[in-house]
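Q: I am new to this structure and would like to go through it step by step. Could we begin with the loops and then turn to the rest?

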Amino acid sequence: MSTAGPGGAQFPQISVDHELCSGTGHCREVAPKLFTLRDRRAWLVEGASPADFGDGLLRQAEEACPWFAITYTPKGDLCGKIS
Ligand code: SF4
């Protein structure tokens, strides 16, 4: 289940920074129903929503990326992250 945040954005969110992604595929190994690889970059599987996956799996996918290309924002963290 997702939650609407400021401006109507839906949470949880997960995104891939294609400037950082090198196509290693670690995210897809962790969450093959959420990530796919195309043109040596990770993309969200068409029709897949992070709201359909558990918080643990989404965190695991974010942490699996060796280039910190994945940003996961849980629905309870609408202010973003401090890192
Ligand atoms: S783990 Fe990171 S670098 Fe590798 S494909 Fe996924 S987003 Fe790209």
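Q: Where does Pro12 lie?
A: Pro12 is located in the loop between strand 2 (10–11) and strand 3 (13–16). Strands here are DSSP runs of E with at least two residues, helices are runs of H or I with at least four, and both are numbered from the N terminus. The peptide bond from Phe11 to Pro12 is cis, with omega near 5°.

Q: Before we go on, what kind of model is this?
A: This is a predicted model, in which local features need pLDDT of at least 70 and side-chain atom pairs count only at pLDDT 80 or more, while totals for chains, interfaces and linings use all residues. Residues are numbered from 1 along each chain as its sequence is written.

Q: How many helices and strands does the protein chain have?
A: The protein chain has two helices and six strands. Along the sequence they follow the pattern β-β-β-α-β-β-α-β.

Q: How do strand 4 and strand 5 run, and how many bridges join them?
A: Strand 4 (residues 35–38) and strand 5 (residues 41–44) run antiparallel and are joined by four bridges. Strands count as paired if DSSP finds at least two bridges between them. Within this pair, Thr36 has Trp43 in strand 5 as its bridge partner.

Q: What phi does Asp39 take in that hairpin?
A: The hairpin has two residues between the strands, and Asp39 takes a positive phi near 55° there. Asp39 is not a glycine.

Q: Is Asp39 buried or exposed, and why?
A: Asp39 counts as exposed because it has 7 C-beta neighbours inside 10 Å.

Q: What about Phe68: where does it lie, and what is its phi?
A: Phe68 lies in the loop between helix 2 and strand 6. Its phi is near 55°, a positive value in a residue other than glycine. Phe68 is exposed, because 12 other C-beta atoms are within 10 Å.

Q: Which residues does Ile14 contact?
A: Apart from neighbours within four places in sequence, Ile14 is in contact with Pro50, Leu58, Ile70 and Tyr72. Contact is defined by C-beta atoms, placed from the backbone, that lie within 7 Å.

Q: And Arg59, where is it found?
A: Arg59 is found in helix 2 (residues 55–64). Arg59 counts as partly exposed because it has 15 C-beta neighbours inside 10 Å.

Q: Last topic, then: how many residues surround the ligand?
A: The ligand is surrounded by 14 residues, and the closest are Cys21, Thr24, Cys27, Ala42 and Cys65. A residue belongs here if its C-beta atom, placed from the backbone, lies within 6 Å of the molecule.

Technical notes: Buried ≥ 20, exposed ≤ 12 C-beta atoms within 10 Å, placed from the backbone. Contact = placed C-beta atoms within 7 Å.
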